[in-house]
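Please look over the fold below. The report that follows takes up backbone geometry, strand pairing, nonpolar packing and salt bridges.

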Amino acid sequence: MHCTKTLALIICLLCALITGAQEISLAGQWQFATDKEDIGVSEKWFTRKLADVVSLPGSMTENNKGDDVTLYTKWTGTIYDSSFFFRPSLAKYRQPGNVKIPFWLTPIKYYVGVAWYQKRITIPKGWETKNIQLFLERSHIQTRVWIDDVEIGKNNSLVAPHAFAVKAGLKPGEHTITIRVDNRISDINVGPDSHSITDHTQGNWNGIVGKIILMARPPLFIHHVQVFPDIQMRSAKVLVKVVNTDNVERRGKLFLYTASNN
């Protein structure tokens, strides 16, 4: 494709079989449990009802869950100035129930480890023929997801939403989503003083604080679009990935429009 002074590339797929995605918000009350010993997977906690309750989106700290802060709290961040532990002027901030760390904001509760979140959901009629995705925005840090007693995937990213494809043919009606969240530094060790997790900056919290939704799309949908411009050649290479999840043959038209300042 060649164009002159192209300012924008607008790509659309025109197909009568493609409609807008449907969404169900999962914000609200979730069942909850901490798992300090990391035994939940081996004991199949995704098959039982969790006893506690929290609100999502949110962190454990926002829900007043976790351990009390003490002088022995193991922080995700280095205390470089040890004078806090012996300076007389800071003695009142070393007392139980009033511990205040001078090097960062001190949360009311603190927890590093595994926590479980669980919710009963209802899949609408008609969704069994659609492509269903669970979308978790701003999870911290690692997630594993089960629907009923079937694991559908795991994710570990500090820079992108965690998206999970739900098994095809999920029957309409009630199901249980269970999410295991682990905020320990393990598989991807960015360092205990990294600004992405350290207590010096945002803190190492456990939870999901962004959008939490189930999204249903048609079996045929655009997965992504990539544009690779070549300014010297005044051209661009466009890659469009179209996914067809049920392997039914469909036909459509792909139109590429260019906009110029001429």
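Asn64 sits in the loop between S5 and strand S6 (67–68). Strands here are DSSP runs of E with at least two residues, helices are runs of H or I with at least four, and both are numbered from the N terminus. The phi of Asn64 is near 60 degrees, a positive value in a residue other than glycine. Asn64 is partly exposed, at 46% relative accessibility. On this scale buried means under 20% relative accessible area, exposed means over 50%, and partly exposed lies in between (1.4 Å probe, protein chains only).

This is a predicted model, in which local features need pLDDT of at least 70, side-chain atom pairs count only at pLDDT 80 or more, and totals for chains, interfaces and linings use all residues. Residues are numbered from 1 along each chain as its sequence is written, and side-chain values use heavy atoms, with hydrogens and water left out.

**Backbone geometry**

Most residues other than glycine have a negative phi, and most peptide bonds are trans. Arg138 also has a positive phi, of about 60 degrees, and is not a glycine. Arg138 lies in the loop between S9 and S10. With a relative accessible area of 48%, Arg138 is partly exposed.

Where are the cis bonds? The peptide bond from Leu56 to Pro57 is cis, with omega near 0 degrees. Pro57 is in the loop between S4 and strand S5 (58–59). The bond from His140 to Ile141 is cis too, with omega near 0 degrees. Ile141 is placed in the loop between strand S10 (139–140) and S11.

**Strand pairing**

Two strands pair if DSSP finds at least two bridges between them. Strand S17 (residues 220–230) runs antiparallel to strand S18 (residues 235–244), and 10 bridges join them. Within this pair, Phe228 has Lys237 in S18 as its bridge partner. The two strands form a hairpin with four residues between them. In that turn, Arg234 has a positive phi of about 50 degrees.

An open sheet of three strands has the order S5-S15-S10, with antiparallel pairing. S5 and S10 stand at the edges with a single partner strand each, so one side of each is left without a neighbour in the sheet. Two bridges join S10 to S15.

**Nonpolar packing**

In soluble globular proteins, nonpolar side chains tend to be buried together. A nonpolar core here is a set of buried Ala, Val, Leu, Ile, Met, Phe, Trp, Tyr and Cys residues joined through side-chain atoms within 4.5 Å. The largest one has 28 residues. Trp30, Tyr117, Ile177 and Leu214 have the most contacts inside it. Elements that give two or more residues to this core include strand S3 (28–35), strand S8 (114–123) and strand S16 (212–217). S8 gives the most, with four residues.

What does Leu214 touch? Leaving aside neighbours within four places in sequence, its contacts (heavy atoms within 4.5 Å) include Ile24, Ile121, Trp127, Leu134 and Ile177. Another core, of eight residues, lies apart from the largest one; among its members are Trp75, Phe84, Trp104 and Tyr110.

Thr198 is in the loop between strand S14 (173–182) and strand S15 (207–208). Thr198 is buried, with a relative accessible area of 0%. Beyond its neighbours within four places in sequence, Thr198 contacts Thr76, Gly77, Pro192, Asp193 and Gly203.

**Salt bridges**

A salt bridge is a side-chain nitrogen of Lys or Arg within 4 Å of a carboxyl oxygen of Asp or Glu. The count by this rule is 10. Three of them are listed here.

| Pair | N to O distance |
|---|---|
| Asp38 and Arg184 | 2.9 Å |
| Glu43 and Arg48 | 4.0 Å |
| Arg144 and Glu151 | 2.9 Å |

Asp38 lies in the loop between S3 and S4, and Arg184 in the loop between S14 and S15, so this pair ties together parts that are 146 residues apart in sequence. Asp38 is partly exposed at 30% relative accessibility, and Arg184 is partly exposed at 32%. Arg144 counts as buried at 19%, whereas Glu151 is partly exposed at 33%. Salt bridges that share partners also join Asp38, Arg180, Asp182 and Arg184 into one network.
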